[in-house]
Amino acid sequence: MRLSEAKPGELVKIKGFEGGCDRFKSRLDALGIRIGDIVEVKSKAFLGPIEIKNDEVDVALCRGQAEKIIVKPIRKFITFRSKT
């Protein structure tokens, strides 16, 4: 699964990077995005950036970058509704 396919609220584990050059991987490393990290997908704009949270840092990635990041879902966001 690619990071671009994850839904807002999902926790995913970074499994690897597909394609891209060393410069792309170095930029991700500088942003604190590394293989093995668990990140939360905060928001996704239609055809826009994907905002993720890694530790205490929010990072916005363009859709093309998110397409190159391979992830594994950890858990999905669960919304509880009260019965009234």
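**Entry: the start of the chain**

I began with Met1, which I found in the segment before S1. Its relative accessible area is 35%, so I noted Met1 as partly exposed. I then looked for what lies around this residue and, setting aside neighbours within four places in sequence, listed its contacts as Ala6, Glu10, Ile69, Ile70, Val71 and Pro73. Val71 stands 70 residues away from Met1 along the chain, yet the C-alpha atoms of the two are separated by 5.6 Å.

**Entry: the model as a whole**

Before going further I wrote down that this is a predicted model. The mean pLDDT of the protein chain is 85, and 88% of its residues reach 70 or more. Which elements have the lowest and highest confidence? I noted helix H1 (residues 22-30) as lowest, at a mean of 86, and strand S1 (residues 11-17) as highest, at 94.

I counted two helices and five strands in the protein chain, and from the N terminus on I read their order as β-α-β-β-β-α-β. Among contacts with a separation of 6 or more, 59% join residues 24 or more positions apart. The chain has 84 residues, of which 31% count as buried, and its accessible surface comes to about 5700 Å², with 53% of that belonging to carbon and sulfur atoms.

**Entry: the nonpolar core**

I turned next to the largest nonpolar core, which has 16 residues, and recorded Leu3, Ile33, Ile52, Leu61 and Ile69 as those with the most contacts inside it. The elements that give two or more residues to this core are S1, H1, S2 (38-44), S3 (50-54), S4 (57-61) and S5. Beside this I set a general remark, that in soluble globular proteins nonpolar side chains tend to be buried together.

I followed Ile69 in particular, a residue of strand S5 (residues 69-75). Is Ile69 buried or exposed? I noted it as buried, because its relative accessible area is 0%. Leaving aside neighbours within four places in sequence, I found Ile69 in contact with Met1, Arg2, Leu3, Ile14, Gly16, Phe17, Phe24, Leu28 and Leu61. For one of these, Ile14, I also looked up the spacing: it lies 55 residues from Ile69 along the chain, and the two C-alpha atoms are separated by 7.1 Å.

For Ile33, again not counting residues up to four places away in sequence, I listed Ile14, Phe17, Leu28, Ile52, Asn54, Val59 and Leu61 as the residues it touches.

**Entry: rings and charges**

How many aromatic pairs does the whole structure hold? My search of the whole structure found zero. I did, however, find the charged end of Lys68 over the ring of Phe24, at 5.3 Å from the ring centre.

**Entry: two further residues**

I looked up Leu47 in the loop between S2 and S3, where its phi is near 60°, a positive value in a residue other than glycine. With a relative accessible area of 69%, above the 50% cut-off, Leu47 is therefore exposed.

Last, I placed Val57 in strand S4 and noted that, at 43% relative accessibility, this residue counts as partly exposed. Val57 and Leu31 are 26 residues apart in sequence, and I recorded 8.6 Å between their C-alpha atoms.

Notes: Residues are numbered from 1 along each chain as its sequence is written. This is a predicted model: local features need pLDDT of at least 70, side-chain atom pairs count only at pLDDT 80 or more; totals for chains, interfaces and linings use all residues. Side-chain values use heavy atoms; hydrogens and water are left out. Rings of Phe, Tyr and Trp (its six-membered ring) pair if their centres lie within 6.5 Å; planes under 30 degrees apart count as stacked, over 60 as edge-to-face and the rest as tilted. A charge sits over a ring if NZ of Lys or CZ of Arg is within 6 Å of the ring centre and within 35 degrees of the ring normal. Helices (H or I, at least four residues) and strands (E, at least two) are DSSP runs, numbered from the N terminus. Buried means under 20% relative accessible area, exposed over 50%, partly exposed in between (1.4 Å probe, protein chains only). Contact means heavy atoms within 4.5 Å. pLDDT is the predictor's confidence in each residue, from 0 to 100. Accessible areas come from the Shrake-Rupley method with a 1.4 Å probe; for residues, only the protein chains shown count as cover. A nonpolar core is a set of buried Ala, Val, Leu, Ile, Met, Phe, Trp, Tyr and Cys residues joined through side-chain atoms within 4.5 Å.
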